[in-house]
Structure formats: structure tokens, C-alpha cells
Amino acid sequence: LCGDLKMQVPFLFSLLCLQVIKCKAAVLWEANKPFSIEEVEVAPPKEHEVRIKIMATGICRSDDHVITGALVMPFPIILGHEAAGVVESVGQGVTSFKPGDKVIPLFIPQCGECKICLGTKGNLCSKNDLALGGGFMRDGTSRFTCKGKAVHHFLGTSTFTEYTVVHESAVAKIDSAAPLEKVCLIGCGFSTGYGAALQTAKVEPGSTCAVFGLGGVGLSVIIGCKVAGASRIIAVDINSDKFAKAKELGATDCVNPKDFQKPIHEVLIEMTGQGVDYSFEVIGRTDTMTAALACCQHNYGVSVIVGVPPAAQKITFDPMLLFTGRSWKGSVFGGWKSKDSVPKLVADYMNKKFVLDPLITHTLPFTKINEGFDLLRTGK
């Protein structure tokens with residue numbers, strides 16, 4: 001009996017220490033309104049959950065899609081899905097994480113049990129919240145409360161808060177020496193673009209690529225194309241101010257569609273002879289999706305949709321674009337199996353296989369999150 005008690009007391013004590021945490025969070029109460037910095041209550045992690053202190057979080061266009069209504073989610077909600085932090089506490093049954101571990105939350109989990117996780121063909125774990133958009137933890141409840149009202153989670157991560165709770169399948173332990181204010185980008189933007197080139201398209205040495213949209217994800221696609229050995233990388237954007245950064249990261253040509261009278265796909269075909277080997281749409285617009293497909297080589301070109309498609313919109317295109325042999329693909333989180341790949345990507349960054357610093361244009365205190373979104377919307 002004494003032996004049993006010795007085993008139980010530390011465990012019971014640890015459970016007693018798991019208290020509700022009060023902290024700041026950026027709550028979105030309704031669409032098309034600014035974030036409100038509120039005091040929220042963050043409940044302790046339940047079984048197989050992890051509570052994380054968020055140290056750095058990136059702003060992603062997908063978050064803005066919720067604000068504008070292009071991505072439909074329930075309100076009120078705490079957005080954010082690109083972050084890095086430190087484990088504060090763990091729930092019952094969690095054995096692979098402990099307080100103090102540096103981690104990256106994963107908006108695409110890896111449960112290790114579903115058909116996709118057990119197979120080699122895809123990475124979109126069936127336990128993801130991307131399609132469901134329910135805004136709750138797996139038991140159907142929230143860990144966030146504000147002003148007595150439950151606040152919804154976003155993509156199982158919710159990183160626009162000083163503390164968050166995620167399922168253990170939606171978090172990856174990373175190198176303890178990694179700078180969290182840099183590697184937070186591996187939680188979404190960088191991995192999504194980099195993997196679209198390396199994992200989804202499988203860009204080959206000597207190939208020709210076109211990248212539509214030069215935000216953080218588009219620039220990460222350029223990095224991926226360069227690492228893959230592409231000989232020509234054409235950057236396409238209506239904001240010419242982004243061209244210098246694109247060239248710094250590997251773009252060989254920069255094209256502004258506003259400078260031409262003809263459709264941009266015709267411009268790219270003329271530039272390359274028969275069209276590009278690989279194209280990437282990294283904006284989330286149906287017109288640029290069809291343009292990216294049309295600019296591909298007619299027989300074996302591959303076009304990848306990376307930008308989140310707008311809700312309630314359909315796409316119309318000439319099926320002859322596909323009949324002749326082009327391939328049209330989608331890419332979620334760059335095709336990476338999250339728990340397996342994120343620690344390796346952090347290790348690659350630490351070993352200087354790629355850079356992240358040029359992707360960070362501004363560093364702001366959390367309370368200025370609305371200013372951050374203004375910078376995003378103005379292309380800065």
C-alpha cells in the first residue's frame with residue numbers, strides 16, 4: 001500500500017496543480033470587426049491534451065478569410081494557427097510531452113491511427129478540424145471562456161492567445177535551441193509553400209516554375225523551387241513592391257499582370273515557349289487558379305492550388321486544359337505529415353538548409369494584432 005501511495009501522490013499533486021489560467025487573448029466576436037483584446041479563462045488540459053504558452057504567432061491570410069467571411073467559422077472565436085510555444089501542462093495519458101518542452105501546434109494533426117496517417121499517399125488526418133469547422137475540442141466542448149461565454153477554437157490550435165489547449169496529436173516537440181520567433185512560421189506559412197514545391201509538385205532540377213502570389217506562402221514556394229533545383233522561377237503579383245524580396249529568395253523573373261494587355265497565362269506561355277512545368281496559385285482566387293492551370297505545359301504541366309479557396313464560389317474552366325495531359329492538384333500544409341515532418345523542418349532550419357528571416361517583415365507586440373492585419377491587407 002505504501003508503495004502504491006508513493007506512485008499516486010505525485011500524480012494526484014500534478015492534477016491538483018492544473019488550474020484555470022486567466023490571460024490575454026484576441027477574441028473575434030463577429031465577422032468584419034477588429035479583434036478585441038480580452039481577458040479569457042483557459043481551462044486545464046483534459047485527457048490526451050496539452051496546454052501551451054504561446055511565445056510567438058504569425059498572421060496568416062487564412063485567419064483573415066474568417067474575418068471577411070470567406071472561410072465560415074462560428075463566433076466568438078480565437079483565431080491563429082501558426083505559432084510556437086512552451087508546454088505549460090499536460091492532461092492525463094500524455095506521455096510524449098512534459099512542461100518546458102518547446103513545441104509547434106499543428107492545425108493538421110497526425111493521429112497515427114486513421115487510414116491517411118497509416119498510409120503514404122496523403123497527410124490530411126481524418127481528425128482535422130479544417131473541413132468540420134466545429135470550433136470545439138474532440139469532446140465537443142471549448143477550453144476558452146470570456147465574459148461567461150464559451151469561445152470557439154480555430155483549426156484545433158487557436159494561437160492568438162497567451163495560452164491555448166490542443167490535442168496531443170496536434171503538437172510537435174522541436175529542438176530546444178530553436179528560436180521560437182522564427183520557427184513559428186513552420187507551423188503553417190513556410191511549410192505550406194515549401195512543401196507544395198517539394199512534396200506536392202515534386203519540382204525537378206532544371207524545371208520551370210511560376211508562382212502566383214508573393215505573400216509569405218508564395219515566397220516559401222519560391223524557396224522550395226530553388227532548393228529543388230528549378231532553373232527558372234517566375235514570380236507573379238500585382239504588387240511590384242514584392243519583387244525585390246522574391247528575387248532575393250530565388251525568383252529569376254518577376255511579372256506584374258497589370259503591365260500587360262493580354263491574359264497573364266498567355267504572357268507566361270510566350271516567356272517559356274510551351275508554358276511552365278509547374279505552377280502554384282498561392283492567393284485563393286478562382287480566376288488566378290484557372291490562369292495558373294492554363295500557363296502550364298499542355299501535356300505534362302502540373303498546377304498546384306495552395307491558396308485557400310473562397311467559400312461558396314465555384315470554378316469554371318475549359319476541360320480541354322486537363323484533357324491534353326495537365327494535372328491539377330491541391331496541397332494542404334505542403335503535403336507534410338505534421339508530427340513527423342515539423343521537427344525535421346526545424347532541424348533543417350537550424351542546419352541552414354533554408355532561411356526564414358526574410359519572410360518576417362514586422363515584429364509587433366500581441367496587443368497590436370489589428371495593426372498586423374492592416375499590414376497584411378495592404379501588402380506590406
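Started with the charges: I find 39 positive and 36 negative side chains in the chain, with the centres of the two sets 2 Å apart. For the record, I'm working from a predicted model.

Next, the overall build. I looked up the radius of gyration, which is 22 Å; a compact globule of 380 residues would have one near 21 Å, so the chain agrees with that. I also noted the spans of the C-alpha trace along its principal axes, about 80 × 40 × 35 Å.

Then burial and surface. Of the 380 residues, 50% count as buried. The chain exposes about 17400 Å², and carbon and sulfur atoms supply 56% of that.

On to secondary structure: I have 12 helices and 15 strands in the chain. I picked β3, residues 49–57, to follow up.

Which strands does β3 pair with? One of them is β8 (residues 163–167), antiparallel, over five bridges. Another is β4 (residues 83–90), also in the antiparallel sense, over seven bridges.

I checked a residue pair for each. Lys53 has Tyr163 in β8 as its bridge partner. On the β4 side, Ala56 stands opposite Ala84.

A reminder to myself for when I look at the side chains here: in a regular strand they alternate between the two faces of the sheet.

Notes
Residues are numbered from 1 along each chain as its sequence is written. This is a predicted model: local features need pLDDT of at least 70, side-chain atom pairs count only at pLDDT 80 or more; totals for chains, interfaces and linings use all residues. Side-chain values use heavy atoms; hydrogens and water are left out. Helices (H or I, at least four residues) and strands (E, at least two) are DSSP runs, numbered from the N terminus. The radius of gyration is taken over C-alpha atoms; the globule rule is 2.2 Å times the number of residues to the power 0.38. Buried means under 20% relative accessible area, exposed over 50%, partly exposed in between (1.4 Å probe, protein chains only). Accessible areas come from the Shrake-Rupley method with a 1.4 Å probe; for residues, only the protein chains shown count as cover. Lys and Arg count as positive and Asp and Glu as negative; His and the chain ends are not counted. The place of a charge is taken as NZ of Lys, CZ of Arg, CG of Asp or CD of Glu. Two strands pair if DSSP finds at least two bridges between them.
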